[in-house]
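Q: Please take a close look at one part of this assembly: the places where its chains meet. I would like a connected account of them, with each term defined when it comes up.

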Protein chains: 6
Amino acid sequence: MMRLSPPGKLRFSQARSFDVIYGGGESNVAVSLANYGIEADFVTRLPDNDLGDACRNYLRQYGVGTRHIARGGDRLGIYFLEHGAVQRGSKVIYDRAGSSLAAIQPGMIDWGVIFADADWFHWTGITPAISEGAAAACLEAVKAARERGLTISTDLNYRKKLWNWGLSAGEVMDELVPFCDVAIGNEEDAAKVFGIHAPGTDVTSGVLDAEKYRSVCQALSERFPRLKTIAITLRGSLSASHNTWSAVLWHHSAIDEPGEMYFGPTYDITHIVDRVGGGDSFVAGLIYGLLSYGDDLGKALAFAVAASALKHTIFGDFNLATAAEVEKLMGGDVSGRVSR
Amino acid sequence: MMRLSPPGKLRFSQARSFDVIYGGGESNVAVSLANYGIEADFVTRLPDNDLGDACRNYLRQYGVGTRHIARGGDRLGIYFLEHGAVQRGSKVIYDRAGSSLAAIQPGMIDWGVIFADADWFHWTGITPAISEGAAAACLEAVKAARERGLTISTDLNYRKKLWNWGLSAGEVMDELVPFCDVAIGNEEDAAKVFGIHAPGTDVTSGVLDAEKYRSVCQALSERFPRLKTIAITLRGSLSASHNTWSAVLWHHSAIDEPGEMYFGPTYDITHIVDRVGGGDSFVAGLIYGLLSYGDDLGKALAFAVAASALKHTIFGDFNLATAAEVEKLMGGDVSGRVSR
Amino acid sequence: MMRLSPPGKLRFSQARSFDVIYGGGESNVAVSLANYGIEADFVTRLPDNDLGDACRNYLRQYGVGTRHIARGGDRLGIYFLEHGAVQRGSKVIYDRAGSSLAAIQPGMIDWGVIFADADWFHWTGITPAISEGAAAACLEAVKAARERGLTISTDLNYRKKLWNWGLSAGEVMDELVPFCDVAIGNEEDAAKVFGIHAPGTDVTSGVLDAEKYRSVCQALSERFPRLKTIAITLRGSLSASHNTWSAVLWHHSAIDEPGEMYFGPTYDITHIVDRVGGGDSFVAGLIYGLLSYGDDLGKALAFAVAASALKHTIFGDFNLATAAEVEKLMGGDVSGRVSR
Amino acid sequence: MMRLSPPGKLRFSQARSFDVIYGGGESNVAVSLANYGIEADFVTRLPDNDLGDACRNYLRQYGVGTRHIARGGDRLGIYFLEHGAVQRGSKVIYDRAGSSLAAIQPGMIDWGVIFADADWFHWTGITPAISEGAAAACLEAVKAARERGLTISTDLNYRKKLWNWGLSAGEVMDELVPFCDVAIGNEEDAAKVFGIHAPGTDVTSGVLDAEKYRSVCQALSERFPRLKTIAITLRGSLSASHNTWSAVLWHHSAIDEPGEMYFGPTYDITHIVDRVGGGDSFVAGLIYGLLSYGDDLGKALAFAVAASALKHTIFGDFNLATAAEVEKLMGGDVSGRVSR
Amino acid sequence: MMRLSPPGKLRFSQARSFDVIYGGGESNVAVSLANYGIEADFVTRLPDNDLGDACRNYLRQYGVGTRHIARGGDRLGIYFLEHGAVQRGSKVIYDRAGSSLAAIQPGMIDWGVIFADADWFHWTGITPAISEGAAAACLEAVKAARERGLTISTDLNYRKKLWNWGLSAGEVMDELVPFCDVAIGNEEDAAKVFGIHAPGTDVTSGVLDAEKYRSVCQALSERFPRLKTIAITLRGSLSASHNTWSAVLWHHSAIDEPGEMYFGPTYDITHIVDRVGGGDSFVAGLIYGLLSYGDDLGKALAFAVAASALKHTIFGDFNLATAAEVEKLMGGDVSGRVSR
Amino acid sequence: MMRLSPPGKLRFSQARSFDVIYGGGESNVAVSLANYGIEADFVTRLPDNDLGDACRNYLRQYGVGTRHIARGGDRLGIYFLEHGAVQRGSKVIYDRAGSSLAAIQPGMIDWGVIFADADWFHWTGITPAISEGAAAACLEAVKAARERGLTISTDLNYRKKLWNWGLSAGEVMDELVPFCDVAIGNEEDAAKVFGIHAPGTDVTSGVLDAEKYRSVCQALSERFPRLKTIAITLRGSLSASHNTWSAVLWHHSAIDEPGEMYFGPTYDITHIVDRVGGGDSFVAGLIYGLLSYGDDLGKALAFAVAASALKHTIFGDFNLATAAEVEKLMGGDVSGRVSR
């Protein structure tokens with residue numbers, strides 16, 4: 001997907017150029033994992049034209065595998081992003097209708113080949129939101145992944161403006177999430193997709209209470225018994241320029257055992273550079289943490305939170321922080337001193 | 001329509017920003033006319049979002065009337081332009097499917113109001129190429145204009161990649177052109193739309209023979225008896241950086257009189273800045289010339305050719321040369337000396 | 001007026017390019033009103049050259065009427081702006097001497113035509129500061145507006161560096177303000193123009209006490225009995241990057257009635273993008289509020305304060321926030337969350 | 001003087017930034033000489049503000065002496081430059097009225113101090129064009145230089161748009177040129193300033209005949225007997241992008257000896273980068289050549305022509321070619337091969 | 001290797017930013033081949049820091065394999081490039097001393113692994129020029145490639161400023177070239193490396209005679225009997241902005257058979273965008289042609305010449321033209337018409 | 001030294017251009033002093049190529065003397081700077097090995113000439129860190145300065161990544177500092193160079209206690225009895241975007257008198273623009289203060305702290321704040337109001 005944004009803090013009507021990058025949910029996760037040294041392929045569908053090539057090249061530079069990307073369809077999906085500041089929020093205008101991915105149909109991707117040597121499959125709730133075909137391809141994928149025993153993770157990632165092809169987010173996700181082992185959402189996703197609310201939370205107030213999300217995790221776990229690990233990112237939106245950022249992790253090792261709650265640190269992100277992709281960088285950090293730190297779930301969560309805090313300081317959708325940089329921040333050094 | 005182009009001579013995959021302007025066939029003509037002091041409105045359909053506003057504002061700065069622009073639909077049409085150089089031609093990727101204009105339907109525009117105080121209606125062959133609805137709206141417009149006695153001009157403007165909604169260019173244009181008084185085309189349009197070929201012409205050879213287009217004009221006139229004035233622009237494509245530019249004009253005052261042929265000067269455009277909109281700038285120059293120079297058709301043609309030669313030295317789709325600047329060039333000053 | 005500013009936070013001597021926009025007191029108000037859907041014309045005098053055209057076009061894109069702009073004189077007024085940061089304040093260098101507007105004389109503008117269908121006339125204290133002719137033209141305008149029964153508003157807008165053509169700000173404004181119904185000033189204007197001080201206020205301390213300005217409003221009202229509505233903007237200058245922003249409104253419905261004081265909300269603008277035009281955006285917000293909310297003066301004030309808070313997040317002199325965006329902020333959402 | 005120009009080939013109304021450099025006739029000569037290793041001071045008057053500092057700093061970087069620059073007055077002179085292309089000529093808008101230099105008066109500069117260790121004084125016809133005071137200061141300077149026995153050179157440099165303070169160029173230059181030893185002009189200057197025409201020359205035809213300028217030189221020499229060396233630059237304006245460039249030099253060693261004519265080579269400048277300052281770079285090359293090559297006037301001329309040909313390939317007013325680069329071109333290498 | 005160049009035509013001292021890309025001889029060839037769909041790995045040594053990563057990522061985006069790049073050493077080699085225009089030639093300043101590649105030693109690269117599945121090995125004369133270690137590693141590589149039966153090609157690529165570590169280019173290349181099957185050079189390389197001159201050729205005259213290079217090829221073939229295919233690129237340097245470009249190919253199928261000479265077309269590159277990498281793009285085109293067109297050596301040459309002509313229209317070191325674009329130009333379409 | 005940095009907050013691998021400036025320890029001090037009106041020469045060694053010229057020109061624009069700069073050697077030292085944000089610290093990659101300065105040897109600079117009319121010599125601990133030759137040249141310089149009775153100041157300026165030519169920082173500085181009268185360091189330098197620790201200080205905690213540095217100063221004074229004035233800058237690193245900044249000054253008038261401690265104000269730098277050169281700007285401010293304010297050491301310290309606070313708001317290595325701007329801030333105006 002192409003992202004077009006006016007430079008700096010300009011509004012759409014002021015811009016005589018747009019910064020162009022390529023990104024989007026799952027690709028953001030793949031790039032971040034590749035960046036941590038984990039072999040990762042990104043699977044999507046791109047038009048067979050110069051813009052599709054440009055998008056593939058952009059991904060490829062960060063070492064993510066692109067050989068399974070299907071080519072075809074009419075156009076590359078676009079989203080326009082206007083960066084906000086202080087009381088003026090950022091704006092996203094989706095222009096994804098009719099994209100190559102929106103026109104995908106089951107059977108276009110050979111999941112058997114892709115999953116042959118794979119251990120983990122991650123998808124986000126943005127994909128089934130795009131079109132009926134994309135939802136069907138998503139279902140096809142999770143079933144294929146389940147058959148082959150891959151760990152499956154999903155980011156609920158509710159996008160109100162996208163869900164307009166017929167079914168509701170809840171109806172579709174109710175079919176897809178049962179195949180998943182790990183689920184991630186932000187402070188609003190469970191409510192907006194499944195109607196599972198944290199008690200007494202107002203996400204525009206700028207203050208979030210981590211403890212309140214325990215019940216959300218338990219409700220999700222009950223609804224989707226396969227889910228053993230659930231993480232919820234907690235963004236405190238003080239303004240478009242200043243957020244706090246944290247997350248909680250809930251885990252139980254078996255369906256009849258009580259879940260344990262882990263609380264991540266909270267970072268005060270006082271000068272946001274680019275908050276898009278924050279959630280995806282959390283997911284990648286969590287996958288990396290779960291793969292690297294064994295049973296130390298608190299450490300995995302801490303890595304994920306630190307990773308995604310750093311993402312907010314990096315332009316574009318991708319988190320270009322290295323594992324070493326994340327670990328330095330995890331170790332408590334928030335001083336931002338010059339490394340020389 | 002939004003135009004996105006890599007800066008300078010960069011290829012799509014090299015660009016980290018795109019220059020953004022707004023333009024397109026009919027709007028280019030309208031801006032140029034407004035620039036010459038002729039009151040001109042541009043009628044189209046734009047989405048009711050910030051990008052539609054940005055497009056409208058962009059047009060508005062050049063003094064073209066925008067109050068009749070319909071708002072609605074899903075997206076703003078886009079075209080991507082890669083500027084070529086020497087042996088590497090420029091590339092255009094259209095991304096107009098599903099645009100607000102493509103989704104237009106007859107009845108959405110109140111032509112009666114628009115034409116109330118109007119004298120002239122200009123449209124191009126790009127519009128009916130976009131969709132069946134756009135073709136129908138175009139037909140609705142030419143009929144309304146004809147009823148009210150406006151002069152109607154059309155630029156045949158064949159775009160192969162756009163004509164894919166069902167009918168062929170020829171089938172559709174055969175219905176629309178009969179309403180027109182003035183037609184303009186480039187050296188290929190008559191052949192590609194109506195199969196009317198100039199004898200022995202190879203447009204990639206870089207050499208064009210103005211005289212050969214006399215028969216094309218006559219054939220068009222016979223096919224569409226209402227057409228009294230026909231102009232053909234003649235581009236000699238020496239390379240992407242260097243073109244020659246000229247045009248011929250054919251006119252007869254009545255159907256049973258023989259047509260007279262006028263030959264414009266030829267300009268050697270050795271360092272092209274931006275050739276997009278060259279044809280539109282010719283049309284605007286011709287309309288201005290026809291309105292301003294009375295029966296002096298040779299002068300009208302000379303103005304149109306000089307105007308469009310200048311367009312090639314101006315970035316963007318719009319011709320921002322003033323009438324005074326065009327007249328200076330018409331007067332023979334090609335020296336490009338500093339005005340100070 | 002042309003505004004030239006080094007990009008980002010560069011100092012003048014570092015810049016190899018200047019960002020160029022066009023703006024200035026009254027035009028900023030007009031653009032903002034046009035943006036809210038209120039028909040607004042901007043009246044000034046511009047040189048009859050390409051720079052005058054560029055300025056007119058720049059205004060025109062935002063929908064403000066420009067047909068009454070007089071053309072003539074020698075040069076376009078310029079101001080140079082260096083954006084400050086933290087403890088380094090922004091710098092303005094005026095270069096307006098000899099501008100087309102400075103050379104204006106009474107009689108050059110036909111106020112009768114302009115005011116024919118108008119309801120409201122707004123001017124600022126910057127205009128009479130520029131030259132004796134501009135002051136005279138200003139007086140001519142307020143008299144003409146008064147005769148035709150327009151509501152007249154003024155922004156006192158004291159600019160020390162401009163008042164050097166002979167008379168003092170106080171002497172001139174004492175002649176002009178008596179014609180006005182509405183006056184707006186910042187926390188210093190009343191003191192610097194009329195010597196009316198709020199008790200115990202130090203504007204460089206970064207803390208302002210809204211209540212103290214009640215006496216300023218009353219003193220203004222006594223001096224200029226026609227003034228029924230007086231607003232004072234309150235900027236807390238914590239640094240060049242961080243301000244607080246609020247305002248108070250004083251109103252009485254008749255000369256012998258006591259005035260009522262309204263207190264606006266205070267916004268904490270922690271990451272200023274561009275504070276120039278902040279006062280003008282307040283004025284436009286107030287005019288819109290007074291026209292739209294009837295007797296609900298508190299709401300009008302709240303709209304004006306929210307509008308001008310948003311202005312600080314937008315590059316350039318113009319407030320490009322829409323009424324809907326202002327109302328969203330008025331409604332209490334300061335979270336700056338992404339709209340998608 | 002500040003120069004503001006839209007980037008690339010943009011027109012004024014398209015620009016959202018202006019490239020900013022500082023330059024102008026005499027400073028261009030001084031920088032070029034300093035660049036060749038000749039100690040050179042630039043004398044002017046700049047406002048005592050940040051823009052005056054920026055201008056001084058800009059000059060200083062190229063090693064020209066700035067300690068004699070007077071500071072004071074109201075504003076820095078500006079000129080706006082729109083770069084042309086092919087048939088569209090470049091445009092200059094002067095904005096120098098009221099500048100610090102225009103407000104100069106005799107006595108403000110201490111020529112005695114400045115000329116104490118100097119050998120050569122160069123001035124151009126632009127300076128007396130600016131204002132009566134500047135013309136008077138110029139007269140003061142040439143008299144002071146004459147008294148101290150400096151060689152004095154002048155570039156006639158006629159600028160029609162500047163001569164509007166009262167006297168004509170001819171009247172003023174007739175007083176100033178008698179003090180000079182060396183005069184340089186372009187193919188039009190002698191005609192426009194003194195009415196001395198070359199036979200049958202049309203400068204817009206793009207073709208120039210060097211031989212025809214012999215009579216111009218002789219006529220100048222008769223009018224101003226002190227002039228022993230006269231050079232005329234010959235620009236063939238094929239288009240704004242493509243010029244030819246040459247010059248002739250006339251010299252006689254004593255008043256009663258016949259002058260000898262030298263003809264410089266002609267360079268074909270097919271892709272002009274920036275032609276402003278071309279004449280100044282010729283002057284600097286000529287002064288350097290006269291100082292360095294002794295009696296070999298043909299070589300001095302050849303250096304000057306080559307130097308100024310290179311100037312056309314360099315952005316800005318200054319010629320940043322080194323003496324070694326000029327000599328390489330003089331040696332006949334026009335191939336522009338990569339030096340590596 | 002990092003390439004830093006002032007934007008546009010700016011000189012080094014004018015630049016406040018440098019455009020940064022990564023490239024250099026062998027990588028340019030590898031990218032071009034990958035772009036044509038040929039699997040290609042680039043082998044070099046990069047420092048293990050963020051700049052080494054940036055260089056690797058830059059290569060990776062174009063699909064070239066980077067997994068065999070050794071990491072280590074102190075710094076990334078840099079070259080500074082100033083783009084020339086017309087009579088001002090481009091300038092290259094090498095800053096490669098002490099680079100990771102210059103510090104390479106035999107044994108650092110495992111050629112056995114790299115060549116395991118490879119068919120072709122290409123190297124250039126730039127590598128052994130850098131340092132004694134690089135020359136030794138190069139010798140190690142050609143021997144390993146020879147042992148495994150790969151086709152070996154070399155570009156003589158003489159760079160005078162680099163050969164300063166002790167031995168001369170001739171001494172070193174005399175050891176390396178005997179292992180090669182294919183050699184490519186420009187019109188000067190054979191002379192400067194081996195003292196083999198074409199009769200009567202002056203490369204700065206701008207005119208080249210293809211026929212004269214027959215004797216150069218034969219002399220090379222006699223000196224290095226293994227060479228069966230020799231190509232010489234022919235650049236006509238009319239100016240820094242305008243070159244002609246062609247090449248000849250000499251081939252014999254066995255040592256005792258006479259060689260056959262093929263003459264490529266000549267392209268007139270009137271508006272050079274970036275000529276760096278022209279030779280490398282020819283090499284890649286030739287390798288592709290030899291691999292794709294079987295015995296049709298004339299077609300292989302034509303592809304190579306067309307490919308490298310297109311390179312001159314593309315910014316950076318890499319040729320980003322596709323095989324289809326090259327073939328379109330081979331087919332004779334030099335018109336540079338818009339593809340839409 | 002050349003500094004190359006990705007624009008804005010981009011990471012190295014994202015940049016397609018680098019901002020280029022020139023600077024470095026001692027030059028930063030020299031520019032700042034020149035800016036305050038103090039005649040200052042910068043002495044270094046630059047390569048005799050276009051980049052060396054560019055560096056010299058860059059310095060020269062700010063009025064610093066460059067005539068004593070030695071030319072020669074192979075390359076210009078470079079450092080790459082990635083600007084951090086919030087929790088992501090800035091990164092510096094030094095690329096100075098083999099630079100002209102690193103290859104300096106005693107005898108290359110004629111200190112006798114340079115110090116002939118000088119009063120003060122300042123050097124930093126960065127220079128002897130670069131190479132053995134640079135350390136030797138530094139020793140040569142301090143001895144020559146001592147002989148001629150100049151005041152000598154040093155900035156300890158420990159750079160861990162640079163000290164790798166053999167001896168440790170402590171060993172070398174122990175030879176150099178005894179010649180100095182004034183020493184400046186940051187909160188870590190004394191510990192890292194001489195092992196002199198402030199009690200209980202953790203520089204990454206973001207909180208610093210000025211009082212604790214008294215013992216550091218005393219220990220330094222005992223070790224280097226000539227040092228009468230010692231200043232320590234205190235940076236509170238809350239994040240890469242937000243620091244506090246202060247300093248202490250210790251002074252005794254004679255070796256047997258107790259030292260007096262002065263405490264500077266603390267500035268809250270909430271939106272850092274560029275923190276590089278902060279220490280150097282402090283040094284320049286201190287030298288200026290010591291020279292200008294006589295015995296008022298507290299005022300000298302206050303000037304130095306205010307000057308260096310302003311530096312953090314200015315892009316590049318140089319502090320371009322004027323003395324008047326520093327004094328305004330010293331006077332307590334931190335409001336950053338617009339100066340107009």
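A: Two residues are in contact when they have heavy atoms within 4.5 Å of each other. The model is a predicted one: local features need pLDDT of at least 70 and side-chain atom pairs pLDDT 80 or more, while totals for chains, interfaces and linings use all residues. Residues are numbered from 1 along each chain as its sequence is written, chains are lettered from A and ligands numbered from 1 in the order in which they are written, and side-chain values use heavy atoms, leaving out hydrogens and water.

Take chain A and chain C to begin with. At this interface, 32 residues of chain A are in contact with 24 residues of chain C. Only 6% of the interface residues of chain A are also interface residues in chain C, so the copies meet through different surfaces. Copies are superposed by least squares on the C-alpha atoms of residues with pLDDT of at least 70 in both. Chain A is superposed on chain C by a rotation of 120° with 0.0 Å of shift along the axis, at an RMSD of 0.0 Å. The two copies are thus related as by a three-fold rotation axis. Within chain A, His271(A) has the C-alpha nearest that axis, at 4.8 Å.

Buried area is the accessible area, for a 1.4 Å probe, that two parts lose on being put together, summed over both. For chain A and chain C this comes to about 2,500 Å², with 51% of it on carbon and sulfur atoms. A salt bridge is a side-chain nitrogen of Lys or Arg within 4 Å of a carboxyl oxygen of Asp or Glu; between chain A and chain C there are four. One salt bridge joins the side chains of Arg337(C) and Glu188(A), at 3.1 Å from N to O. Polar contacts (a pair of N or O atoms within 3.5 Å; within protein, one must be able to donate a hydrogen and the other to accept it, and residues adjacent in sequence count only if both atoms are side-chain atoms) link 13 residue pairs between chain A and chain C, both residues at pLDDT 80 or more.

On the side of chain A that touches chain C, the elements giving two or more residues are β6 (91-95) and β10 (229-237) of chain A; helices (H or I, at least four residues) and strands (E, at least two) are DSSP runs numbered from the N terminus. The largest share of that side, three residues, is from β6(A). Sorted by class, the side of chain A that touches chain C holds nine nonpolar, 12 polar and 11 charged residues. In these classes Ala, Val, Leu, Ile, Met, Phe, Trp, Tyr, Cys and Pro are nonpolar, Asp, Glu, Lys and Arg are charged, and the others, Gly among them, are polar.

Chain A also meets chain B. The side chains of Lys91(B) and Asp50(A) form a salt bridge of 2.8 Å, N to O. Lys91(B) belongs to strand β6 (residues 91-95) of chain B and Asp50(A) to helix α2 (residues 50-60) of chain A, so the pair joins two chains. Over all chains, the structure holds 117 salt bridges.

Chain F is superposed on chain D by a rotation of 180° with 0.0 Å of shift along its axis (RMSD 0.0 Å). That is the relation of a two-fold axis. Gln61(F) has the C-alpha nearest the axis in chain F, 2.0 Å from it. The same surface serves both copies, as 100% of the contact residues of chain F recur in chain D. Here five residues of chain F are in contact with five residues of chain D. The area buried between chain F and chain D is about 540 Å², and carbon and sulfur atoms give 42% of it. Asn57(F), Arg60(F) and Gln61(F) supply 74% of the area that chain F buries against chain D, more than any other three residues. By class, the side of chain F that touches chain D has one nonpolar, three polar and one charged residues.
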